Amino acid sequence: MIVVNHKPQRVSPLFPKTVRTPSSHDRRWRIVLYSHDTMGLGHKRRNLLIAQTLGTSALKADILLISGMRDASDVPMPDGVDSLTLPALHKGTDGTYEARHLGLTLEEIISLRSQLILTAVQGFQPDLLIVDNVPRGAVRELDATLEYVRLENLRSRESLRTPIRCVLGLRDVLDTPASVQRDWLRAHNIEAIRHYYDTVWVYGDPDIYDLRREHFFPSDIIAKMRPLGYLDQRARLNYVNHTARANLERLPLPTDDELVLCVVGGGQDGAALAEAFVQAAL
């Protein structure tokens, strides 16, 4: 038991057959996508891509993005998708957290974020909760929500309602295996996955890098892992605004020669990589 501490190349089919259907509760599917977003934009962008893809699919769903970055609400999204922005956290290069804008202690801002997430999930009553990368959220801010979902699912068995499904989404390369083992042991992530999550989606191709073989996960955790392939980025193109497209077209990009592109992920810690790239002899 976890103690609550308050101080796609394609997108695979989302719902197992046992998930409650719209006919059973007379409404559209409801999906929550959570990303903690304390350093850069990568986690939010991945959830946003999933929301954009689902929003233009045949699935009739209402999707709530819970994000730690305020610009999560500034990106064009299809109908049926909305966002809740949490008070921002900042993660330093040494791994410590602090409030990004507010003059709150770490305990205060985590408590506030945790309460907002829990209240949103209680009010929205999703069929599916997708958590990006961090099984217990930033500084364990998801603990209260995960425990609420667990208790609701126990009540669902008694009332014959189908449960809320919890999915953890992981990129294929997390860090070095030793670092992941150390950090996950300290955060009790394995126990959280074991108790709270139905499935672990791996956004990657196991023929290139197989997370299941490279890391020291127990067999029952590996059994929950489903490699999905790399997410199809083309869904983003439907939401590029006219100004951004015009700016891109004005760039003097070569048309006949090869183009070498440096990509720095979410961006917050990419300056050193970009500077090294500019100085490299290609």
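In which loop does R140 lie? R140 lies in the loop between β6 and α4, where helices (H or I, at least four residues) and strands (E, at least two) are DSSP runs numbered from the N terminus. The model is a predicted one, in which local features need pLDDT of at least 70 and side-chain atom pairs count only at pLDDT 80 or more, while totals for chains, interfaces and linings use all residues. Residues are numbered from 1 along each chain as its sequence is written, and side-chain values use heavy atoms, with hydrogens and water left out.

The protein has 10 helices and 9 strands. Of its 282 residues, 42% are buried; buried means under 20% relative accessible area, exposed means over 50%, and partly exposed is in between (1.4 Å probe, protein chains only). The protein exposes about 15500 Å², and carbon and sulfur atoms supply 54% of this area. Accessible areas come from the Shrake-Rupley method with a 1.4 Å probe, and for residues only the protein chains shown count as cover.

R140 counts as partly exposed because its relative accessibility is 27%. R140 and S111 are 29 residues apart in sequence, and their C-alpha atoms are 9.9 Å apart in space. V139 is also placed in the loop between β6 and α4 (143-159). With 34% relative accessibility, V139 counts as partly exposed. Its phi is near 50°, a positive value in a residue other than glycine. Most residues other than glycine have a negative phi. Q125 likewise has a positive phi, near 50°, and lies in the loop between α3 (106-124) and β6 (128-132).

L104 is found in the loop between β5 (97-99) and α3, and is partly exposed because its relative accessible area is 32%.

Side chains of opposite charge can pair when their charged atoms come close. The structure holds 13 salt bridges, each a side-chain nitrogen of Lys or Arg within 4 Å of a carboxyl oxygen of Asp or Glu. One of them joins D210 and R212 at 3.0 Å, N to O. D210 is buried, with a relative accessible area of 6%, whereas R212 is partly exposed at 26%. Elsewhere, salt bridges that share partners join R182, D183 and R186 into one network. R182 pairs with D183, the closest N and O atoms being 3.2 Å apart, and R186 meets D183 at 2.8 Å, N to O. R186 and D183 are separated by about one helical turn, because they are 3 residues apart in helix α5 (residues 177-187). R186 counts as exposed at 56% relative accessibility, while D183 is partly exposed at 28%.

The largest cavity holds about 40 Å³ of space. A cavity is a set of points, on a 1 Å grid over the protein atoms alone, where a 1.4 Å probe fits but cannot get out, and lining residues have an atom within 4 Å of a point. Among the lining residues are D210 and R212, together with others including V202, G204 and P227. The lining divides into 5 nonpolar, 1 polar and 3 charged residues.

Conventions. On a 1 Å grid over the protein atoms alone, a cavity is a set of points where a 1.4 Å probe fits but cannot get out, and a pocket is an open set with protein on both sides within 12 Å along at least five of seven lines; lining residues have an atom within 4 Å of a point. Grid points are joined across faces, edges and corners, and a volume is the space filled by probe spheres set on the points. Ala, Val, Leu, Ile, Met, Phe, Trp, Tyr, Cys and Pro count as nonpolar, Asp, Glu, Lys and Arg as charged, and the others, Gly among them, as polar.
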